[in-house]
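Please keep the sequence and the structure at hand while reading.

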Amino acid sequence: MENQTLARFYHKTIPERIDLLEHKAVITSQHAESLRRGHNVLNPEQADRMVENAIGVFGLPLGLGLHFRINGQEWVVPMAVEEPSIIAAVSAAAKLARPSGGFETSSDDPVAIGQIVIEGLTDPAAARETVMAARKKICRLANSLHTRLVARGGGARDVETSIPRGDGAPDDTLLVHLLVDTRDAMGANLVNSMCEAVAPELEGITGGRVLLRIISNLNDRSLARARVAIDIEALARNGLTGAEVRDRIVAADRFAAIDPHRAATHNKGILNGIDAVAIATGNDWRAIEAGAHAYAARDGNYRALTRWRVGHTGQLVGSIELPLNVGIVGGSLESNPAVRLGLDILDLRSARELSEIMAAVGLAQNLAALRALVTEGIQKGHMRLHARSVAQTAGAEPGMTAEVVDRLVASNTIKVWKAREIIEALKNARQTKPSAAGTGGKTAPARSTASAHGKVILLGEHAVLYGSQALAAPIPLAVHASVQRGRSGVRLRVPRWGIDSAWETGHLHRDSVLRAVDTILCKMGISKPAIEIDIFPQVPQAMGLGSSAAAAVAVTRALAAYYALKLDTDGINRIAFEAERVIHGQSSGIDNTVISYATPLVFRAGLPMSMAPLRVGRNLPLVVGLSREGSLTAPMVERVRKGWQRNRKAYESLFRRIDRQVAEARAAIRQGDLEILGQTMNANHQLLRALDVSTPELEAMIGVARKHDALGAKLTGGGGGGAMIALCDHDTSAIAGALNAQGWQTLAFTVNPNDAADRFEDEALEELSPSEKLITVDDDDQETGQCTRAECHAGDGIRHRAFSIFIFDRAGRVLLQQRSTQKQLWPLFWSNSCCSHPRVGDTTAAAAQRRLTEELGIDAPLTHIYKFAYQARYDQTGSENELCSVFIGQTDQEIQPDPDEINAWRYIAPADLDAEIAATPERFTPWLKMEWKRLRHHPLVQAMQPDAAPVR
C-alpha cells in the first residue's frame, strides 16, 4: 500500500489510527477490533504456557515505522520498543530516502549453522577426512527428522569441518558445521535436533566423543544487505548545508570503522531498530544481537556494521550487511497474538523478505542517529519525545499537548511539575483573546509575549509578484513568541523547528531564521540585547500558511512590548517584511501584511505596496487541506520566474487573467455570491497548473474536495506541495472528513463579514508605506507637480525627474550593477553604476551625490554630462517615464554595495560592454543602452581611457 497516506499518523489518537489502518487494509477488521478491545496481547494463561514460573505479562508499546519504500514496494513496519525516539527517527529517515527511490535490499538463503564439537581424537586431520567423506550420509540422517522442511525446499545442505588453531586450542578436537536451510522458520530447535541426531554417527565414524551440539548465532551464511542513496538537499539541517551534513556523516562513520568504543554505540543504534522489528514479529532479538556483534568483529577488530560514503553524483550513499536468520512461521510465533498482528501487518512472502526489511530498518535507524549526532546532538530529539510523555502525564489536553511540549523543551526543565505550570498558564492565557497588534508598555516587563495568526491566500498566488492583486485572510492557527531577559546577546529557541542558538547581533548566520531575527533587531534599533526569544508555532511550517511571517510579526510585537517601543501596525509590518525578504529572498509582502493587520485584505505589491480591506458580504466556510510534501516558497517563485523569462508573452497573459479573476472573486465575496466565487477559484487553479506549481497530491486533494461538493477548490500558497483550499456551501465537515479519511490533515474555519476591519476610508487601494513623492516635470524639466512612486511607474508612467551615474576606475573600465531581485522593474537586469530620483526639495546634483554613497558606498566627484527623456515599459508591471540627468565620475575607492538594491556588480572595459550589448541586449536595462550609445564617445569618457590624448 502507499503508506504515504499514513503521514502525520502521530497527530491522531490511537482509535483514529486503528480506524485508518483498517480503512487502508493494513490490518484486518478482526485485528482492528482486537486492538480496540486490548485483546491483541498475551493474557496470563497464555504466558503460563510459554514460560516457567509465569506471574503475569510485561507489555511494550507497539508502533509503526512509516514511509518505507524497499525494492520499489511500500511497507508499514511494526516495531515493539519502549524508547520514544526510535520509531520517530526511523520513520523520518525512511522519508528522507523516498525522493531518491528508498532502499534496495538483498539477502542470502536462510542457512543456519549447527555446530558440533568432537574431542578426544588421536588424529583430528584423519577424522576430518572421514567426516567430509560421509557428508551426504550425515545430511540424509539430519533430514530424516524433518521431512516437511525438506519438502518445502529446506533441510541440511552440507557439512563443513575445521581444526581449531591458535593459542590455547586443544590438539584433539574437530569442529563440524551442519549447514541447514531453515526456510521460513527461525530454526533453532530444528537445527539443534539435527545436531543431536547426527552426533552418535559422528562419534562412530571418528572415534571421538561429542562435547557440544548446538546452533551458532553467528549465521554468517545468511546475510542481509541494504543500500540507500540520499540527495544532499534533503540532509540540510540546523543551518548546515546538505553537503556539510553528508560529509560529517561520512566522517563519523569512518571513525566508527576504526574505534571499537564508537563502533559499539554506532551498532547499538542500528540494532535499536532491528530489535524492535524482531520483537514485534516474535523473533529472537538476543540471537540477532549476538550474531551482529560477532560479525562486526569477524576479522579480530570490532567495527561498524554500516558504511557511508559520497556517491558519484554527490549523494550520501549508505550500506549495511549483517547476519539475519529470522522466521515467520513456528509455534512460538503463532502462540502470541501480538506477534500474529505484526506478521499480518507485514504480509510477508518469506523469512528472507523479513530479513531484508530489518536490514533496511537498521540502516535507516543509523542514518537518523548519525544525522542528529552531527547536527543538533542526539539528546535534543530524545528530550522532545520525553517531554511529550511528561506533558501527557501532567494532564495536557490533546489540543494543548504540542505547545506544552514546545515550552517544556524550551525551558530545559522536563518535569511533571513544570508541565502542570505551563498547562495552567496556557489555560489562563486562552481565556483572553490576544490583540492583533500586540501591546506596548512604558517599562520593559520581565517577560513579554505576543501572537500572530497565519494566513491563507484565496486568489492571486505568484501573479502578485508581477503586479496582480491578491486576496488573503488570517487563519485561526497562530505563532506565539516571548521575550525575556538573558545573559548576553540573543538566544533563540524554536523547539518545533529544531532551533536552539545563541549569538551576538550582527553575526553572519547560515540559518535564514536566525538572520531574520537579527534583521528584526537591527531594524528596531536594538543593538546590544541580552534577551532570550522563544517561538511556539502552531502554524505548520512549509505549508504556504505564513509560518515565517507570523513568527516575524509575533517576535516584532514581543520585542516592541519588552523594550517599550512605540510601533504601530505599519511599523511592525515593515519590519516583518524585511525579515520575510531574508527568509524567502523575493517576497511580495502579502504574508506579513495580512498577518500584521489580522484582517482579510486585497493586496497589490508595488512601489510602494498597497492594500484595502476585503469586504465580505456573507460567511465563507473554508477547509484547508495539508499535503504530505512541504512547499518551499523560494524555489517555486524561482521556477515561475524562469518560465516567465523563457516566455514572457505567455506568462504575462496568465498574470493578466489571474488579475481579472481576483477582481471577479473580490466582487463575488463582497456580494456574497459563493457560486461565482467557487467557479472563479476552480478557474484560477487551472491557471496555477499552467504555471507548473501544482503537484499530483494537490490535484488528488482538490479532486476529493470537489467530489464532496466543494463549490471551488485550488492550491494555496507557493505550490509544489503545501496546501489546498476548498470553499464549502455551508457545513465544512463533509469535505474535511473526506480529506481526513484519505490521511490528510485539515483546518476548517469561516471568514465572516465582521472579520474585515474598518481601517480604510474607501475601497480604493490605499498605500501601505509612507509615500515617497517624486517630482513630475515637462519636457523642459519644469516642475508640474508631485506623484507617488506607484503613480509615476504605473501603466505607461508619468514623466518625472531622475538621474543616472556612470563610474569609471583608473583603468578606464565602467562600473555596472545587476539590479536586485526586489526591484519591481527590470529585476536582475544589468544597468549603469547607479540611478534614482531626487526628492522633493533636493537638487538633482545633490541627490546624485547622496545616492552614490547610499547605494555604492563611495563619494567620487560627479560631472553632469547631459539630459534626455525616455519612456520604457516592463511587461504589465509598470514603466519608466523619465527626464534623466546623466553624470560621470572616476574613482578607485572600494565598492560597498547595498544588497537591497544591488544583486551583483562588476567593472568592464568599454569595448567589451559594446560587444555584450550587441550580442545580448536583453540582459541590459533600456536606459543603459540608450545612455551608453551617446556617452560612449563623449570626450570626458574618452579622456578616462588609458593612453588617451588630452581633451582640448
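Predicted model: local features only at pLDDT ≥ 70, side-chain atom pairs only at ≥ 80, totals over all residues.

## An open antiparallel sheet

Four strands, in the order β19-β20-β18-β21, make up an open sheet in which the pairing is antiparallel. The edge positions are taken by β19 (712-716) and β21 (745-751), and because each has a single partner strand, one side of each is left without a neighbour in the sheet. On average, neighbouring strands of this sheet are turned by 25° against each other, with direction ignored.

Within the sheet, β18 (residues 620-626) pairs with β20 (residues 723-727) in the antiparallel sense over 5 bridges, and Gly625 stands opposite Met724 in β20. Helix α24 (residues 674-690) lies across β18, β19 and β20, and its course makes an angle of about 40° with β19.

## The buried strand β30

Strand β30 (residues 878-890) is largely enclosed by the rest of the structure, because 13 of its 13 residues are buried.

Two pairings of β30 can be described. With β25 (residues 800-808) the pairing is parallel and runs over 9 bridges, whereas with β29 (residues 862-874) it is antiparallel and runs over 12 bridges. Ile888 in β30 has Phe806 standing opposite, and Thr863 also stands opposite Ile888. Strands β29 and β30 form a hairpin with 3 residues between them, and Asp875 in the turn has a positive phi of about 40°.

How many cavities of 30 Å³ or more does the model contain? The count comes to 2. The largest cavity holds about 80 Å³ of space, and among the residues that line it are Trp497, Val513, Ile520, Ser548, Val555 and Ile583. Helices α18 (512-523) and α19 (547-562) each supply at least two residues of this lining, which by class comprises 10 nonpolar residues, 1 polar residue and no charged residues.

The second largest cavity has a volume of about 40 Å³, and its lining includes Ser107, Asp108, Pro110, Leu223, Asn325 and Arg352. Helix α14 (residues 351-374) gives the most to the lining of this second largest cavity, with 3 residues. The residues of that lining divide into 5 nonpolar, 4 polar and 2 charged.

How values were computed
Residues numbered from 1 in each chain as written. Heavy atoms only, no water. 1 Å grid on protein atoms, 1.4 Å probe; cavity = no way out; pocket = protein on both sides within 12 Å on 5 of 7 lines; lining within 4 Å. Points joined across faces, edges and corners; volume = space filled by probe spheres on them. Nonpolar A, V, L, I, M, F, W, Y, C, P; charged D, E, K, R; others polar. Pairing = 2+ DSSP bridges. Axes fitted to C-alpha atoms, helices over the stretch in contact; angles between N-to-C directions. Contact = heavy atoms within 4.5 Å. Buried < 20%, exposed > 50% of the residue type's maximum accessible area, 1.4 Å probe, protein only.
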